[in-house]
Amino acid sequence: MSKVQNITSPSGDTMVVMSAAEYEALLDQIDIARVAGIHRAVEAGERETFPGELIGALLEDGASPVKLLREHRGWTASAVAAKAGISQAYFSEIESGKKEGSLRSLQKIATALGVSLEMLLPRA
């Protein structure tokens, strides 16, 4: 690592100045550590993995994440709706994309499916 410069702001905070190359290398090291942590969590059974085709459909095909994850689990729509505490009709409308679903309902569905809320939110 080349010379890193410390600067003290008027409020007393210490800031660090480094080259762009060093900054990018630092970001790469953080990414490597994050991926290693994810691998450890998967191996310990603390995180679930999904088949590549499921992830591809979620990210690229615009498929309903609720439906894909429900089918991946092998559960019926009525079972997930009951576990989430919402009506089967409302669940069906969310799953089919007829309704977006409230944040609260999506959180209930995510909990019922055993996934994070982020997996069910629409992609920007």
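Helix α6 spans residues 103-113, and its buried residues are Ser105, Leu106, Ile109, Ala110, Ala112 and Leu113. The model is a predicted one. Seen down the axis of α6, these buried residues fall within an arc of 160 degrees, so they line one face of the helix. The general rule behind such a pattern is brief. An α-helix has 3.6 residues a turn, so residues three or four places apart point the same way.

Now turn to the other side of the helix. The face of α6 turned away from the buried side carries Leu103, Arg104 and Thr111, which are exposed. Exposed here means over 50% relative accessible area, and buried means under 20%.

What do the buried residues of α6 pack against? Their partners are α3, α4 (77-84) and α5. After α6 comes Gly114. The phi of Gly114 is positive, near 75 degrees.

Two of these partners also meet each other. The axes of α3 (residues 65-73) and α5 (residues 88-96) come within 7 Å and cross at roughly 110 degrees. The two helices are therefore roughly perpendicular to each other. On the α3 side, the contact is made by Val66, Lys67 and Arg70. On the α5 side, Phe91, Ile94 and Glu95 make the contact. By type, the contact residues divide into three nonpolar and three charged, with no polar ones.

Next, the core. The largest nonpolar core has 22 residues. Those with the most contacts inside this core are Leu69, Phe91, Ile109, Leu113, Val115 and Leu120. Helices α2 (52-59), α3, α4, α5 and α6 are the elements that give two or more residues to the core. Which element gives the largest share? Helix α6 does, with five residues.

Leu120 shows how some of these parts join. Leaving out residues up to four places away in sequence, Leu120 touches Pro65, Val66, Leu69, Leu106, Ile109, Ala110, Leu113 and Val115. Of these, Val66 also takes part in the contact of α3 with α5. Leu106, Ile109, Ala110 and Leu113 are among the buried residues of α6.

Finally, step back to the whole chain. The protein chain has six helices and two strands. Along the sequence, the pattern reads β-β-α-α-α-α-α-α. Of the 124 residues in the chain, 25% count as buried. Take contacts between residues at least 6 apart in sequence: 32% of them join residues at least 24 apart.

Methods. Residues numbered from 1 in each chain as written. Predicted model: local features only at pLDDT ≥ 70, side-chain atom pairs only at ≥ 80, totals over all residues. Heavy atoms only, no water. Axes fitted to C-alpha atoms, helices over the stretch in contact; angles between N-to-C directions. Helix = DSSP H or I, 4+ residues; strand = E, 2+ residues; numbered from the N terminus. Parallel < 35°, antiparallel > 145°, perpendicular 65-115°, else oblique. Contact = heavy atoms within 4.5 Å. Nonpolar A, V, L, I, M, F, W, Y, C, P; charged D, E, K, R; others polar. Buried < 20%, exposed > 50% of the residue type's maximum accessible area, 1.4 Å probe, protein only. Arc of directions from axis to C-beta. Core = buried A, V, L, I, M, F, W, Y, C linked by side-chain atoms within 4.5 Å.
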